[in-house]
Amino acid sequence: MGTTADRFKAAVEAADLDAVEELFTEDVRLYSPVKFTPFEGRPMVLGLFGVLLRTFEDFHYVGELAGSAQTAAGPDGGSADSTVLIFRATVNGKQIHGIDLLQFDEAGRIKEFTVMVRPQSAVQALGEAVLAGLVEDGLVPRP
């Protein structure tokens with residue numbers, strides 16, 4: 001069956017939102033490079049994933065690192081088992097290099113998810129595409 005990270009990679013690469021949903025806690029938080037505050041809760045994070053799966057072209061994971069890291073939630077953060085997944089993709093003709101930092105609860109489900117991408121021009125292209133998708137799906141109001 002593999003680790004949560006293995007199942008997550010397979011689900012994302014297969015664009016299987018139902019399989020992704022099973023891996024998230026109800027109160028999952030996703031920290032995005034294009035928004036200061038996190039996306040919170042399974043419905044919102046899954047909605048964002050639906051947009052991302054439509055937005056990324058040629059998305060694929062190219063590496064993985066496992067360990068533990070301090071979480072962002074709570075007054076002192078705490079530490080959690082964590083996996084960094086390294087990815088490559090294209091958005092609107094811009095090549096993106098990025099990482100997904102997955103942090104797990106005691107049951108092995110994803111409780112925090114942080115995305116970092118480079119270069120800056122790719123971050124801007126991603127932000128514009130994601131905002132348009134979120135508005136189109138009715139997940140956020142039109143700016």
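Predicted model: local features only at pLDDT ≥ 70, side-chain atom pairs only at ≥ 80, totals over all residues.
Contact here means heavy atoms within 4.5 Å. D137 sits in the segment after α4; helices (H or I, at least four residues) and strands (E, at least two) are DSSP runs, numbered from the N terminus. From D137 to V51 I get 86 residues in sequence and 8.1 Å in space, C-alpha to C-alpha. D137 counts as partly exposed, at 35% relative accessibility. My cut-offs are under 20% relative accessible area for buried, over 50% for exposed and partly exposed in between, with a 1.4 Å probe and protein chains only.

Residues are numbered from 1 along each chain as its sequence is written, and side-chain values use heavy atoms, with hydrogens and water left out.

**Helix α4**

I checked the length of α4 next. Its 17 residues, 120-136, should span 24 Å at 1.5 Å a residue, and the end C-alpha atoms are 24 Å apart, which agrees. The expected span is 1.5 Å times one less than the number of residues.

Which residues of α4 are buried? I list A122, V123, A125, L126, G127, A129, V130, G133, L134 and V135. As a reminder, an α-helix has 3.6 residues a turn, so residues three or four places apart point the same way. The buried residues of α4 pack against β2 (39-40), α3 (42-55), β4 (79-91), β5 (94-104) and β6 (110-118). After α4 comes G138, with a positive phi near 75°.

**The sheet**

What is the strand order in the open sheet? I read β2-β1-β6-β5-β4-β3, six strands with mixed pairing. Two strands pair if DSSP finds at least two bridges between them. β2 and β3 (57-70) stand at the edges with a single partner strand each, so one side of each has no neighbour in the sheet.

Then I looked at what lies on the sheet. α1 packs on it, touching β1 (24-31), β3, β4, β5 and β6, and its direction makes about 160° with that of β3. α4 also packs on the sheet, touching β2, β4, β5 and β6, at about 70° to the direction of β5. For these angles, axes are lines fitted to C-alpha atoms (for helices over the stretch in contact), and values run from 0 to 180 degrees between N-to-C directions.

Now the pairings. β4 and β5 run antiparallel, joined by 10 bridges; T90 has Q95 in β5 as its bridge partner. β5 and β6 are antiparallel too, with eight bridges. There I found Q103 bridged to E112, G98 bridged to V117 and L102 opposite F113. β1 and β6 run parallel and share four bridges, and R29 stands opposite E112 in β6.

- N92 is in the loop between β4 and β5, a hairpin with two residues between the strands, and has a positive phi near 50°. N92 is exposed, at 56% relative accessible area.
- A15 is not a glycine, yet its phi is positive, about 55°. I find A15 in the loop between α1 (4-13) and α2 (17-23), partly exposed at 48% relative accessible area.
- G108 takes a positive phi near 90° in the hairpin of β5 and β6, which has five residues between the strands.
- The R118 to P119 peptide bond is cis, with omega near -10°. P119 is in the loop between β6 and α4.

**Rings**

How many aromatic pairs does a search of the whole structure find? I get 11. Rings of Phe, Tyr and Trp (its six-membered ring) pair if their centres lie within 6.5 Å; planes under 30 degrees apart count as stacked, over 60 as edge-to-face and the rest as tilted. One aromatic cluster is made of F8, F24, F49 and F113.
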